[in-house]
Amino acid sequence: MERAGNPNYYQRLERMADLHHSKNLDYCGPDGWYQGMDNFVQAAAYAGCSVRTVFRVMQGIKLARRRALESSQLAANHESLADTALDLANYQVLESAFADTYDWIDVPLQQMAVRPNLEPV
């Protein structure tokens, strides 16, 4: 199927999927409880905040990185501006996917007495 629009857009989506796959294996392993989002759940439990807050903090870190790269305060030795943009986009998509899958994205995890329901909403 031929897709309308800029082919670079679709290449970036494929790169985002590849990045998500490789980082997911690094952070969560192949058999995570939360469909590849275990690290965000664990971070929320550790910090005593909601999973949405974790996503927002991660996005904030990437935005700060982008501002630093754009203002030439930092050299892009290990993560380019393009990589930072793809990571930011991935965090936004992951937040949306998590919210669509679990209805407890806004609940601070210290309020939960047991492991959250794994069933998608």
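Visitor: Which residues touch the most other members of the largest nonpolar core?
Guide: The model is a predicted one. Its largest nonpolar core has 15 residues, and helix H2 (38-47), helix H3 (51-70) and H4 each supply at least two residues of this core. The members that touch the most others are Phe-40, Val-51, Phe-55, Phe-98 and Trp-104.

Visitor: What is Val-51 in contact with, leaving aside its neighbours within four places in sequence?
Guide: Val-51 is one of the core residues that touch the most other members. Contact here means heavy atoms within 4.5 Å. With its neighbours within four places in sequence left aside, the contacts of Val-51 are Phe-40, Val-41, Ala-44, Phe-98, Trp-104, Ile-105 and Leu-109.

Visitor: How many salt bridges does a search of the whole structure find?
Guide: Side chains of opposite charge can pair when their charged atoms come close. A salt bridge is counted when a side-chain nitrogen of Lys or Arg is within 4 Å of a carboxyl oxygen of Asp or Glu. Over the whole structure, the number found is 5.

Visitor: How many residues apart in sequence are the parts that Glu-95 and Arg-52 tie together?
Guide: The side chains of Glu-95 and Arg-52 form a salt bridge, at 2.9 Å from N to O. Because Glu-95 lies in helix H4 and Arg-52 in helix H3, the pair ties together parts whose separation in sequence is 43 residues.

Visitor: Is Glu-95 buried or exposed?
Guide: A residue is called buried when its relative accessible area is under 20%. The value for Glu-95 is 8%, so Glu-95 is buried.

Visitor: Where does Asp-106 lie, the residue that pairs with Arg-52?
Guide: The side chains of Arg-52 and Asp-106 meet in a salt bridge of 2.6 Å, N to O. This pair links distant parts of the chain, 54 residues apart, with Arg-52 in helix H3 and Asp-106 in the segment after H4.

Visitor: Which residues are linked with Arg-52 in a network of salt bridges?
Guide: Arg-52 forms salt bridges with Glu-95 and with Asp-106. The network that contains Arg-52 also links Arg-56, Glu-95 and Asp-106.

Visitor: What separates Arg-66 and Glu-70 along helix H3?
Guide: Arg-66 and Glu-70 form a salt bridge, with their closest N and O atoms 3.7 Å apart. Arg-66 is partly exposed at 31% relative accessible area, and Glu-70 is partly exposed at 49%. Because they are 4 residues apart in helix H3, the separation is about one helical turn.

Visitor: Is Thr-84 buried or exposed?
Guide: Thr-84 is in helix H4 (residues 81-101). Leaving aside neighbours within four places in sequence, Thr-84 is in contact with Lys-62, Arg-65, Arg-66, Leu-69 and Glu-79. Its relative accessibility is 1%, so Thr-84 counts as buried.

Visitor: How far apart are the end C-alpha atoms of helix H1?
Guide: Helix H1 covers residues 7-27, which makes 21 residues. At 1.5 Å a residue the helix should span 30 Å, and the distance between its end C-alpha atoms agrees, at 30 Å.

Visitor: Which residues are exposed on the other side of H1 from Met-16, Leu-19 and Asn-24?
Guide: Met-16, Leu-19 and Asn-24 are buried in H1. They cover an arc of only 125 degrees around the axis, so they are on the same side of H1. What covers the buried residues of H1 includes H4. On the other side of H1, the exposed residues are Pro-7, Glu-14 and His-21.

Notes: Residues are numbered from 1 along each chain as its sequence is written. This is a predicted model: local features need pLDDT of at least 70, side-chain atom pairs count only at pLDDT 80 or more; totals for chains, interfaces and linings use all residues. Side-chain values use heavy atoms; hydrogens and water are left out. Buried means under 20% relative accessible area, exposed over 50%, partly exposed in between (1.4 Å probe, protein chains only). A nonpolar core is a set of buried Ala, Val, Leu, Ile, Met, Phe, Trp, Tyr and Cys residues joined through side-chain atoms within 4.5 Å. The expected span of a helix is 1.5 Å times one less than its number of residues. The arc is that of the directions from the helix axis to the C-beta atoms.
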